[in-house]
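Here is a walk through one protein model and its ligand. Keep the structure open as you read.

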Amino acid sequence: MQSELEEKRKMLAKLEKVPQPEFEGVSYPSFMPFRKKEAKNVIEDIMNVKSRDSDIIICTYAKSGTHWTYEIVNMLLRNTTELDNKSKMQSMLEAVEDLSVLEGVPSPRIMDTHCLFKYLPKQHKQKKVKIVHMIRNPKDVCVSYYYHCLKDVMINFDGTWEEFFELFMSGKLPYGSWYNYELEMERAANDFPETIFTCYYEDMKKDPIREIKKLADFLGTPCSDDTLEKIAKETSFGNMQKNKFDITVIVDGKGFIYRKGEIGDWKNHFTVAQNEKFDAQYKEEMKDSKYQITFE
Ligand SMILES: Nc1ncnc2c1ncn2[C@@H]1O[C@H](COP(=O)(O)OS(=O)(=O)O)[C@@H](OP(=O)(O)O)[C@H]1O
């Protein structure tokens, strides 16, 4: 399986940049399904995926800790404390390239998506699919996303930090506005409190054992203190950066998912003026939100 991942990585490295696909005013990285079908049909394919009672979907805005969450969820479900270098997350946008592959994945399937909640498989409600939502301080998301966009062959961006900051502020970047995404997730979590679990990136970073325990309770996979400790250690940033196979690839052959994994890198990038502008927009957009994000 590791060799299959290597093959996939080589294929990614060869991909030409193409125009960014768009649907309902939101653009997407040009994953393979978009290279073969209209964006509308790709999103419809996701919405028509047949759900199973045991499915788990990790819902995150880009750069909010998706791969980290996957690894923790995978360990809890498969009762292991080792990083999974044999398979990869079923990213829904990529997986719909061949639905038979997704149908052949044994249960419990762990899928992930950065698309809006309204584009989840329609059957998720009746099947009571469990949704794990990780939210991260959007200033750090913005910085992390900037570095990602510079390197990702599926995204056409080679601008400056200043330009990227403005794109983030306007929401005109792949997957759209952070605010739209998170406010929709908040409404969904109010509507489906039993099936949506939200955790904060910063909480997971500061007290992983406590947060992994909460997640295990939600998933119905309780485990011993010893196991919790092992999972926290194995999924620490340093260990994942060193030992996790990274499917993404850039010119120097290295992946780019595990960059810094820190809280507060925004302070190394935001100017005072950018910070003020961001705070003013955040205050306005999130005035009715109950999310508790602190800009440490
Ligand atoms: N174990 C662990 N601990 C803490 N932080 C971690 C961990 N694993 C990944 N990361 C950081 O998460 C950022 C990548 O987020 P995603 O996995 O959501 O990226 S993606 O949108 O799916 O490409 C990216 O953040 P930045 O380092 O700030 O760029 C990763 O480094």
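**Cysteines, ligand and a helix**

The sulfur of cysteine 223 sits 15 Å from the closest cysteine sulfur, that of cysteine 199, which is too far for a bond. This is a predicted model. Cysteine 223 is partly exposed, and its relative accessible area is 27%.

How many disulfides does a search of the whole structure find? The search finds zero. Cysteine 115 is in no disulfide either. Its nearest cysteine sulfur belongs to cysteine 59 and is 9.4 Å away. A disulfide needs two cysteine sulfur atoms within 2.5 Å, so the 9.4 Å between cysteine 115 and cysteine 59 rules that pair out. Cysteine 115 is buried, with a relative accessible area of 2%.

Turn now to the ligand.

Threonine 66 places a polar side-chain atom 2.4 Å from a ligand oxygen. Lysine 63 uses its backbone: one of its polar backbone atoms is 2.8 Å from an oxygen atom of the ligand. Arginine 136 uses its side chain, with an N or O atom 3.0 Å from a ligand oxygen. How much of the ligand's accessible area does the protein cover? On its own, the ligand has 640 Å² of accessible area, and the protein covers 97% of that.

Next, look at helix H9. This helix runs over residues 178-191, 14 residues in total. From first C-alpha to last, H9 reaches 20 Å. That is close to the 20 Å expected at 1.5 Å a residue. At the start of H9, serine 177 points a side-chain oxygen to within 3.1 Å of the backbone nitrogen of tyrosine 179.

Is H9 mostly covered or mostly open? The helix is mostly covered, with 10 of its 14 residues buried.

Methods. Residues are numbered from 1 along each chain as its sequence is written. This is a predicted model: local features need pLDDT of at least 70, side-chain atom pairs count only at pLDDT 80 or more; totals for chains, interfaces and linings use all residues. Side-chain values use heavy atoms; hydrogens and water are left out. Helices (H or I, at least four residues) and strands (E, at least two) are DSSP runs, numbered from the N terminus. The expected span of a helix is 1.5 Å times one less than its number of residues. Buried means under 20% relative accessible area, exposed over 50%, partly exposed in between (1.4 Å probe, protein chains only). A polar contact is a pair of N or O atoms within 3.5 Å; within protein, one must be able to donate a hydrogen and the other to accept it, and residues adjacent in sequence count only if both atoms are side-chain atoms. Accessible areas come from the Shrake-Rupley method with a 1.4 Å probe; for residues, only the protein chains shown count as cover.
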